[in-house]
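I opened the notebook to look up charged side chains and their surroundings. The entries follow in the order I made them.

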Amino acid sequence: PLMVAPETKKAALTPEEKEEQKKALEEKLARLRAEKAKSDKEMEKLQEINRIASMKEMTEARKKQQEQEEKILQEKRRREKEQDAKDKARVRAELAKDKAERLAKLGIKPEDAAAAKAA
């Protein structure tokens, strides 16, 4: 006996079946596009949140750096002012000493010079 294999040929689709298949594929494609759009929108939202957080961090870092620089500048000014006051006091002391020495060479007591100046 001869065995003939049954034909494994697909039967041609009817126009209605073709239309159903086409509609199913279009629905699937529309669903995939909608999912991708939703995913893209969520990704954009996350990126925006990250951008805002990053900008906030940079702003805070910039502010902190400016505060540190201002503190350093104020400390420098304070030291300079302190040094100026010391220098002025030293110069005044030297001038007073020089004046006392000049008066002493002339034989005048500093108290007599002050009294003569007041009169």
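I looked up Glu 94 and found it partly exposed, because its relative accessible area is 41% (buried is under 20%, exposed over 50%, partly exposed in between, with a 1.4 Å probe and protein chains only). This is a predicted model, in which local features need pLDDT of at least 70, side-chain atom pairs count only at pLDDT 80 or more, and totals for chains, interfaces and linings use all residues. Residues are numbered from 1 along each chain as its sequence is written, and side-chain values use heavy atoms, with hydrogens and water left out.

I then checked the partner of Glu 94. Arg 90 makes a salt bridge with Glu 94, with the closest N and O atoms 3.1 Å apart (a side-chain nitrogen of Lys or Arg within 4 Å of a carboxyl oxygen of Asp or Glu). Both Arg 90 and Glu 94 lie in helix H1, 4 residues apart, about one turn of the helix (helices are DSSP runs of H or I, at least four residues, numbered from the N terminus). Arg 90 is partly exposed at 44%.

I went on to Arg 78, which forms a salt bridge with Glu 82 at 3.0 Å between the closest N and O atoms. Arg 78 and Glu 82 are also 4 residues apart in helix H1. A network of salt bridges links Glu 75, Arg 78, Arg 79 and Glu 82.

I noted Lys 36 with Asp 40 as another salt bridge, at 3.2 Å between the closest N and O atoms. The count by this rule is 7 salt bridges.

Last, I looked at the chain: 1% of its 119 residues count as buried.

Terms used: Helices (H or I, at least four residues) and strands (E, at least two) are DSSP runs, numbered from the N terminus.
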